[in-house]
Amino acid sequence: MNYFITGITGTVVPVIVEDLIRKDKDAFFYFAIRKDSKGNDIQDRFKAVVESLNLDKASKLNLYKQSKLVDIDIEADKIGIEPDLYDELVKNSEKILHGAADVRFDQPYEAIRMPNVVFTQKIYELFADIKKYRKTAGKSDATLYYISTGYAYGKYNKMIPEDYPEFHPGKPDNTYAQTKAEAKIFILDKIKQHNDRIVIFEPTIIGGSAKTGKTKTYNLHYIVIMLGYLGKLPFLTSHKNQLDIVPVDWVAAIISDIMSKNEFHQGAIRMASGKDAVTVGFLHDKGYDFYVTNDPVPGHVIPKIRFVPRWFFNSMVQVQKRFYQMMYLCTRIKRYRKLFKGICLLEGYFPYITGYKVFENSKSLALINKYTDCGAAPPLQDVFDSNGHLVQKGYYKKIFVDTLETGWGGMVDFKRLEKKTEPFKSPQAAYSATRK
Ligand SMILES: NC(=O)c1ccc[n+]([C@@H]2O[C@H](COP(=O)([O-])OP(=O)(O)OC[C@H]3O[C@@H](n4cnc5c(N)ncnc54)[C@H](OP(=O)(O)O)[C@@H]3O)[C@@H](O)[C@H]2O)c1
């Protein structure tokens with residue numbers, strides 16, 4: 001099978017490709033890829049991705065042979081694909097996986113609309129050209145697989161429904177959710193207008209692998225856990241709220257099964273923990289115990305986070321944000337601007353923690369059971385039966401171990417923290433990297 005794939009330099013798509021290689025021995029891939037801002041060209045970027053994959057040497061060599069890079073520029077006509085290559089793609093591709101998106105939560109709407117909405121529209125144009133070609137050439141129908149997000153539903157004060165083919169999103173939590181909702185509406189309209197073979201995947205929060213605990217990016221809950229470890233989050237709220245985190249290997253296994261088995265071609269599959277999602281309080285309590293017991297920095301004290309009412313927490317965040325903004329305006333000290341921006345980024349994350357987000361997933365679970373070799377999402381937390389016996393052990397410890405092994409992907413410098421931990425010094429500047 002020939003696949004056209006976007007998002008190969010991201011977090012999720014490489015894991016899907018790893019699986020597809022194992023499941024479809026005849027796979028050939030066209031990878032849409034662009035140069036990066038550091039000047040790395042597409043070959044270098046692709047090489048870095050392949051080398052990072054969990055594949056043996058022979059499989060990596062095969063992947064080089066079984067793939068072709070497609071240089072893209074999403075602002076240009078036909079995504080900037082050179083005309084001959086575009087024709088080749090139309091003639092040769094049968095399946096498109098559109099997994100690229102700008103997943104930042106603090107971007108202005110005008111900026112993020114291009115990668116999340118316009119890019120999706122352009123991918124659909126390519127899909128429409130492939131569809132047309134295959135119809136006239138008497139070939140099997142093409143399928144488009146689009147990765148949306150459960151959070152495209154925005155604010156909901158009841159369980160977030162599995163309402164395909166309907167979709168009535170609430171007020172968006174941020175511009176990411178807003179543009180992902182816009183893209184989903186576009187895709188649903190195409191399914192309704194043309195009865196297209198399009199599958200929409202709706203993962204919730206994708207976390208580290210359930211097998212290894214490893215992840216490529218440390219966003220959202222990772223940042224909140226990191227701030228807790230550094231003592232920079234004295235207060236939090238919504239102890240009982242659920243965080244719907246699903247492991248990346250489970251998400252990848254479902255998507256690659258759906259694509260390679262080639263039996264399910266239209267509809268939406270939500271990938272959620274649903275009612276089994278972990279609570280903020282559970283993660284905090286287990287995290288606190290784990291980091292206190294395994295702290296690699298001698299003498300570093302991890303303060304316990306105090307859980308406060310939501311209104312109090314939100315007001316404190318606003319006061320702090322305004323304080324740093326004023327301090328920057330008065331003093332022009334860059335540190336204040338960094339702190340102000342840090343809070344703005346966290347504000348994008350907080351609705352996921354402070355808001356009620358519980359996802360229906362029974363219809364999707366039935367589809368997952370029917371069309372894939374997967375079952376329900378592996379739980380992040382320990383699961384107890386009605387008699388209080390531990391029946392399933394969660395994988396949260398693997399996630400915590402990975403954060404200490406990698407220093408949250410390089411964001412925490414334990415050596416620097418150790419120096420700052422000397423008496424009377426605060427751990428203020430122990431994390432340095434700014435989030436993407
Ligand atoms: N991660 C999650 O928790 C989560 C949850 C639910 C749904 N999703 C969805 O899953 C998909 C993959 O997410 P992810 O976490 O893997 O994201 P990611 O790590 O940020 O990767 C994003 C990918 O999109 C590409 N991309 C972004 N903007 C682009 C542009 N303007 N032009 C070309 N390529 C562009 C990136 O390429 P560059 O490297 O060139 O920037 C990268 O390959 C997304 O559709 C996301 O909405 C993710």
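An oxygen atom of the ligand sits 3.4 Å from a polar backbone atom of Ile 147. That is a polar contact, meaning a pair of N or O atoms within 3.5 Å. Taken alone, the ligand exposes 880 Å², and the protein buries 88% of that. Accessible areas come from the Shrake-Rupley method with a 1.4 Å probe.

The model is predicted: local features need pLDDT of at least 70, side-chain atom pairs count only at pLDDT 80 or more, and totals for chains, interfaces and linings use all residues. Residues are numbered from 1 along each chain as its sequence is written, and side-chain values use heavy atoms, with hydrogens and water left out.

**Ligand shell**

Backbone contacts to ligand oxygen atoms include these:

| Residue | Protein atom | Distance to a ligand oxygen atom |
|---|---|---|
| Gly 7 | backbone N or O | 3.4 Å |
| Val 12 | polar backbone atom | 2.9 Å |
| Ile 147 | polar backbone atom | 3.4 Å |

The ligand is surrounded by 26 residues. A residue counts if one of its heavy atoms lies within 4 Å. The closest are Thr 9, Thr 11, Arg 45, Tyr 176 and Thr 204. By class, the shell holds 14 nonpolar, 8 polar and 4 charged residues. Here Asp, Glu, Lys and Arg count as charged, and Gly is among the polar residues.

Which elements give two or more residues to the shell? They are helix 5 (109–136), helix 6 (175–194) and strand 7 (205–207). Helices (H or I, at least four residues) and strands (E, at least two) are DSSP runs, numbered from the N terminus.

**Helix packing**

The axes of helix 5 and helix 6 come within 8 Å and cross at roughly 20°. Helix 5 is therefore roughly parallel to helix 6, a term for angles under 35 degrees. Their crossing is right-handed: the near helix is turned clockwise from the far one by less than a right angle.

Helix 2 (residues 42–52) and helix 3 (residues 57–65) pack at about 150°, with axes 10 Å apart. So helix 2 is roughly antiparallel to helix 3, the term for angles over 145 degrees. The crossing of helix 2 and helix 3 is right-handed. Axes are lines fitted to C-alpha atoms over the stretch in contact, and angles run from 0 to 180 degrees between N-to-C directions.

**Backbone details**

Tyr 164 and Pro 165 are joined by a cis peptide bond, with omega about 10°. Pro 165 lies in the loop between strand 5 (143–147) and helix 6. Lys 78, a residue other than glycine, has a positive phi near 50°. Lys 78 lies in the loop between strand 3 (67–71) and helix 4 (83–92).

How values were computed: A polar contact is a pair of N or O atoms within 3.5 Å; within protein, one must be able to donate a hydrogen and the other to accept it, and residues adjacent in sequence count only if both atoms are side-chain atoms. Angles under 35 degrees count as roughly parallel, over 145 as roughly antiparallel, 65 to 115 as roughly perpendicular and the rest as oblique.
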